[in-house]
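Trainee: Please take a close look at the aromatic rings of this protein and how they pair up.

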Amino acid sequence: MLHELLFALVGFTGDFVIDERENLEDEDEDGDCHVGPTFRLAPDLSFLDPSERSAIERLLPLGFYYRELNCFATKSRNLTWIQSPLESPVPMPQPEKRRESVYRRAIANGIVEILSVYRAAVLKVEQNLLSEPVPILATVTQGLHKFEVLLPPLYRLITEIEKKDIRGGQLLNLLHKSCHCGVPELQTCIQRLLWHGHQVMYNQLASWMVYGFLQDPYGEFFIQRQDRQERESEKARVDVEKSVQKSADGAALSIDWHSGYHISLDMLPEYIQMPVAESILFAGKAIRVLRNPGSEFQLREDSSNHSSRLRGVFSGFNDSTTDLTDEFGLVMQELLPQSEADKIDTMLQELKVSTEFHKRLFESAVSSIRTIAGNHLWQLVVVRADLNGHLKALKDYFLLAKGDFFQCFLEESRQLMRLPPRQSTAEADLMVPFQLAALKTIGEEDKYFPRISLRMSSFGGTIASVAPKEISMKTLADSSLQRNTNATEVALDGWDGISLEYSVEGPLQLFFTQEVISKYRKVFQYLIRLKRTQMELERSWVAVIQQDHADFSNHRRNRDSIPVSVLRSRRHQPMWRVREHMIFLIRNLQFYIQVDVIESQWNVLQTHVQESHDFTELVGFHQEYLMALISQSFLDIGSLSRILDSIMKLCLQFCWNLEQQDSTSSLSELERITEEFNKKSNSLYTILRSSRIAGSQRAPYLRQFLMRLNFNRFFEDTATGVISVGKQRT
């Protein structure tokens, strides 16, 4: 009887102990495994005392739990069970619903360890029974009683795992919560299971943070690749953006960095905080870039640092492949030295061998690994890829630091911009003055200019600019600001769509994202309109002075009583006063943006670039730099930016109409523009001094701009007054 009991305790039933499920017909085996212990004594056993029957029935559930735990471990550790549906799809449909899990396999290994201890205890009981002259049931009870607090919770644990199909990080969460119990033996067992699960996690972390590979065949790691459909849509979006480097390696690198991987919240263990997970994500992506920065970048590194070796490579074709591989390996070792990779692996191995998960040590190791990856990525992007040179190029061209180039470009294209742009050829038409300006002002030593390309994109609803002699007063009236009072954007004319693109390659795409380039483009379009407005106001003065000189010469030749220039000057004297107000505002706005905003923020950025040695910090500093440019230039204050755009539009209209000096209708239009300018100036001054904006974070910059406009109370006096052109006409 005792041997029959021992067999039952390791999962084998017979005549003495039976399994009730074997006697039931048409029963769902998968559903029945969750109802509880089904081992029972045979009903026809009459020789047992009630006390013996009670003691045996208290022991029998251990056999049931052992069998179910062993079945779970065998099923989870079997590497061929997933192939069974292919061999016999009809008889065995259940495995088709099951998903394989590396974490579940690791937990099964832990369960096997626990069951081996249980089997050893059963074997010890058998040896004790054989050595005793009179075997008694108490020997069995005394030898196995400690498992009564271990096997039932473990059975409930695997039941929940199978019922809810728990995998990956969710399984670690379940085990971590189960560790918090009041039974030391049970806590030790579950901690051992958790240790086995952490072994898988640490292996995945090592693959990700040492080699940059994601070893997650079943989607259980909390770092996961984006869905294929999302990646394809992202790739299509990047392909459309023309500023992305045309190199396939560069585009793949950019997509891989920005949208290739993400944190799966479903698989993230609750005891790993989101900042730690983000550090793991960043470190792995950085290692991927350092391991494979792109073939073009590698070739450039080879040619600059090992040119003599490359000449030997290309001089003989027999060993070219081997030599190139050696060159690539040398570059990658320089980007991520093997000693640093070994250091990362050592930190993870120390965590792996620990019997318990120490949150503080884990977070400290992740922080150290992230620092290592960030420093080497900084070395790649800032030093090897010449980040500061590209930042300077973006400042020169997108922020108009090369003023002579854009001055020449606007002068060369002035006549072209007096005509409406043709949608099909506008970009090609602008390339001629663009290249002429480059030939006159940019030397061959500027290696960044070839990365600049001129684009003509749509800019909201535009009003085509035409020559002053061809435009009618009705057209001007229809295109006046009254039509755009409620518009969200006010376009100056059809040439508002002028913009620049900047070509970046390889690792630089990690820094100069499409979002970054779009912010630069937004500032550029604002600055080029401001520059064009300022030049038109200055040219209008030059054109009138030249006309006056010509009129005076004609007067001397014709001996007229009153020169035409004198009459024109008297008639347009109020207009020149308005022009002075306009140029005063535009020049001060230019000076404020270029000096107080761009130059000061550039100096701050340069300080950060020199002091910071972490890639993520540098990205954050650059984002702050761009946001400061946009906010301090008032581009994100809708009411203020619309008024400034409207003022620039009025200035252009004023210049175009001023050239029609002999037209009565032109004078009336100038009066209307002057009146509108006064209204906008009043609105501008009101917004600058409003209490709502004065209490915002932009207040210091607004007050600084206001001080430049109103340093001698001139702007306040002119903005609050009304210039009546009609009363001053002669």
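Mentor: The structure holds 27 aromatic pairs. Rings of Phe, Tyr and Trp (its six-membered ring) pair if their centres lie within 6.5 Å; planes under 30 degrees apart count as stacked, over 60 as edge-to-face and the rest as tilted. This is a predicted model, in which local features need pLDDT of at least 70, side-chain atom pairs count only at pLDDT 80 or more, and totals for chains, interfaces and linings use all residues. Residues are numbered from 1 along each chain as its sequence is written, and side-chain values use heavy atoms, with hydrogens and water left out.

One of the pairs is Trp 257 with Phe 282, edge-to-face at 5.8 Å centre to centre and 80° between the planes. Trp 257 lies in helix H11 (residues 248-259) and Phe 282 in helix H12 (residues 274-291), so the pair ties together parts 25 residues apart in sequence. Helices (H or I, at least four residues) and strands (E, at least two) are DSSP runs, numbered from the N terminus. Trp 257 is buried, at 8% relative accessible area, and Phe 282 is buried at 9%. Buried means under 20% relative accessible area, exposed over 50%, partly exposed in between (1.4 Å probe, protein chains only).

Tyr 271 and Phe 357 have ring centres 5.0 Å apart and planes at 65°, so this pair is edge-to-face. Tyr 271 lies in the loop between strand E4 (261-263) and H12, and Phe 357 in the loop between helix H16 (338-353) and helix H17 (359-384), so the pair ties together parts 86 residues apart in sequence. Both Tyr 271 and Phe 357 are buried.
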